[in-house]
Amino acid sequence: MEELLRQLTTLVQGLVDDMSVLKQDMQTVKQKLGQLEQRMDKLEQRMDKQEEELRWLKEQMKENTDMIKAIRDNQLEQRSIQDGMRHEIANLRGEMAGIREQMATKDDLSRLREQMATKEDISLIHQRLDYQLGRIAKVEEEMYLLKKVD
């Protein structure tokens with residue numbers, strides 16, 4: 001019986017030792033779980049930061065896209081204005097060419113000056129007109145007197 005008791009004691013001692021080892025293993029597992037929880041918390045924090053950055057990047061990308069669209073629209077408007085200006089310049093060039101064709105040259109101006117009446121010519125024309133008007137007035141007066149006499 002003693003033998004049995006010893007065996008039982010040995011078995012109980014083995015169980016106690018196993019329980020101690022099991023307790024240590026549990027402690028180790030608890031520590032590792034605690035470390036895992038800490039790492040998970042850190043990962044969650046990092047993910048939260050990355051989600052925040054992603055949200056900010058999405059907003060920034062939307063703003064950039066809107067700005068690019070506005071720039072593109074402005075560029076199209078500017079091209080349209082430039083096309084209109086080119087058209088207007090072409091019209092002005094055509095008009096200028098027509099004006100140049102109609103412009104008198106120096107020779108034309110010299111000929112026109114030769115054909116123009118001088119001040120003396122104009123003075124003579126006035127004198128002739130005055131003379132003719134005077135004659136007309138005399139004839140009208142004579143006609144008036146003749147009508148009166150009749």
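R55 and E59 stand four residues apart in helix α1, which means about one helical turn separates them; helices here are DSSP runs of H or I with at least four residues, strands are E runs of at least two, and both are numbered from the N terminus. The model is predicted, so to speak with care: local features need pLDDT of at least 70, side-chain atom pairs count only at pLDDT 80 or more, and totals for chains, interfaces and linings use all residues. Residues are numbered from 1 along each chain as its sequence is written, and side-chain values use heavy atoms, leaving out hydrogens and water.

**Salt bridges**

- The model has five salt bridges (a side-chain nitrogen of Lys or Arg within 4 Å of a carboxyl oxygen of Asp or Glu).
- One of them joins the side chains of R55 and E59, with 2.4 Å from N to O.
- R55 is partly exposed at 42% relative accessible area, and E59 is also partly exposed at 37% (buried is under 20%, exposed is over 50%, and partly exposed lies in between, with a 1.4 Å probe and protein chains only).
- E2 and R6 meet through their side chains in another salt bridge, 3.8 Å from N to O.
- Helix α1 spans residues 2-102 and holds both E2 and R6, four residues apart, or about one turn of the helix.
- E2 itself is exposed, with a relative accessible area of 59%.
- D83 and R86 form a salt bridge whose closest N and O atoms are 3.2 Å apart.
- Both D83 and R86 sit in helix α1, three residues apart, again about one turn.
- R86 is exposed at 54% relative accessible area, whereas D83 is partly exposed at 46%.
- Shared partners link the salt bridges of E52, R55 and E59 into one network.

**Nonpolar surface patch**

- L5, L8, L11, V12 and V16 make a nonpolar surface patch of about 460 Å².
- Patch members have over 30% relative accessible area and no salt bridge; like charges are joined within 9 Å, and nonpolar side chains (Val, Leu, Ile, Met, Phe, Trp, Tyr) within 5 Å.
- Helix α1 contains L5, and this residue counts as exposed at 53% relative accessibility.

**Overall form**

- The protein chain has three helices and zero strands, giving the pattern α-α-α along the sequence.
- Its radius of gyration is 60 Å, while a compact globule of 150 residues would have one near 15 Å (taken over C-alpha atoms, with the globule rule being 2.2 Å times the number of residues to the power 0.38).
- Along the principal axes, the C-alpha atoms of the protein chain fill a box of roughly 195 × 45 × 20 Å.
- E44, in helix α1, and A117 are 73 residues apart along the chain, with 105 Å between their C-alpha atoms.
- E44 is partly exposed, at 45% relative accessible area.

**Surface and charge**

- Buried residues account for 0% of the 150 residues in the protein chain.
- The accessible surface of the protein chain is about 15,200 Å², and 58% of this belongs to carbon and sulfur atoms; areas come from the Shrake-Rupley method with a 1.4 Å probe, and for residues only the protein chains shown count as cover.
- The protein chain carries 26 positive and 31 negative charges, and their mean positions are 4 Å apart.
- For this count, Lys and Arg are positive, Asp and Glu are negative, and His and the chain ends are not counted; each charge is placed at NZ of Lys, CZ of Arg, CG of Asp or CD of Glu.
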